[in-house]
Amino acid sequence: MISGVLINQNLEETIAGVSQGGIISPVISNFVLDGLENCVRGSIAEITSSKNLVKEYYGQKSGIKVVKRFNIQFVRYADDFLVTCRSMHIAKNFIKPAIVKFLAERGIGLSEDKSSIFRLKDKDLEYLGYRFLFRKA
């Protein structure tokens, strides 16, 4: 059986990847992406002070101990995943590079067309065919 992709009604042979909708696709996806959640959580290890993804520091002006929670959440369904956190800086400079490296080590890449970093208050979140709206009460 030939695996490929339809482009303008023509079957083009593919040289990489797994056929979409194939019975084995979710299993292969789970093998390849196993450990991605730990990668995401570990991506900020160098700037956190505990395993609970919390950064503790002393305020520059007040000298009072401040606790900052990153609230990183990871959701994955087959090869689709979603990461949320409280900081654009953390998302862009720690989490995304860690994901890109994790995927590259497995011979795959992050689709720039399907991936984005944005604030929930600026854009609706679409995931697995559902639209999630953020509305401040």
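This is a predicted model: local features need pLDDT of at least 70, side-chain atom pairs count only at pLDDT 80 or more; totals for chains, interfaces and linings use all residues.
Colleague: Why is F31 called exposed?

Modeller: Exposed means over 50% relative accessible area. F31 comes in at 65%, so it counts as exposed. You'll find F31 in helix α1, residues 25-33.

Colleague: And what makes the nonpolar surface patch there?

Modeller: I24, V27, I28 and F31 make it, and the patch is about 380 Å². To join a patch like this, nonpolar side chains have to lie within 5 Å, on residues with over 30% relative accessible area. F31, at 65%, is over that cut-off.

Colleague: What about N71: why is it called partly exposed?

Modeller: Buried is under 20% and exposed is over 50%, with partly exposed in between. N71 has 38% relative accessibility, so it lands in the partly exposed class. N71 sits in the loop between β4 (65-69) and β5 (73-77).

Colleague: Which residues is N71 in contact with, leaving aside neighbours within four places in sequence?

Modeller: Those are T84, C85 and R86. Contact here means heavy atoms within 4.5 Å. As for R41, 30 residues away from N71 along the chain, the C-alpha atoms of the two are separated by 10.0 Å.

Colleague: How do you know that β5 pairs with strand β6?

Modeller: Two strands pair if there are at least two bridges between them. β5 and β6 (residues 80-84) are joined by 5 bridges, so they meet that requirement. The two strands run antiparallel. One of the residues involved is V75, whose bridge partner in β6 is L82. The hairpin of β5 and β6 has 2 residues between the strands, and A78 takes a positive phi near 55 degrees there.

Colleague: Let's go inside. What makes a set of residues a nonpolar core?

Modeller: The residues must be buried, of nonpolar kinds such as Leu and Val, and joined through side-chain atoms within 4.5 Å. The largest such core has 15 residues, and L36 and V40 touch the most other members. Two or more residues each come from α2 (36-42) and α3 (88-104), with α3 giving the largest share, 7 residues.

Colleague: Which residues does L36 touch, not counting those up to four places away in sequence?

Modeller: L36 touches F74, F81, I99 and F102.

Definitions and conventions: Residues are numbered from 1 along each chain as its sequence is written. Side-chain values use heavy atoms; hydrogens and water are left out. Buried means under 20% relative accessible area, exposed over 50%, partly exposed in between (1.4 Å probe, protein chains only). Helices (H or I, at least four residues) and strands (E, at least two) are DSSP runs, numbered from the N terminus. Patches are made of residues with over 30% relative accessible area and no salt bridge: like charges are joined within 9 Å, nonpolar side chains (Val, Leu, Ile, Met, Phe, Trp, Tyr) within 5 Å. Accessible areas come from the Shrake-Rupley method with a 1.4 Å probe; for residues, only the protein chains shown count as cover. A salt bridge is a side-chain nitrogen of Lys or Arg within 4 Å of a carboxyl oxygen of Asp or Glu.
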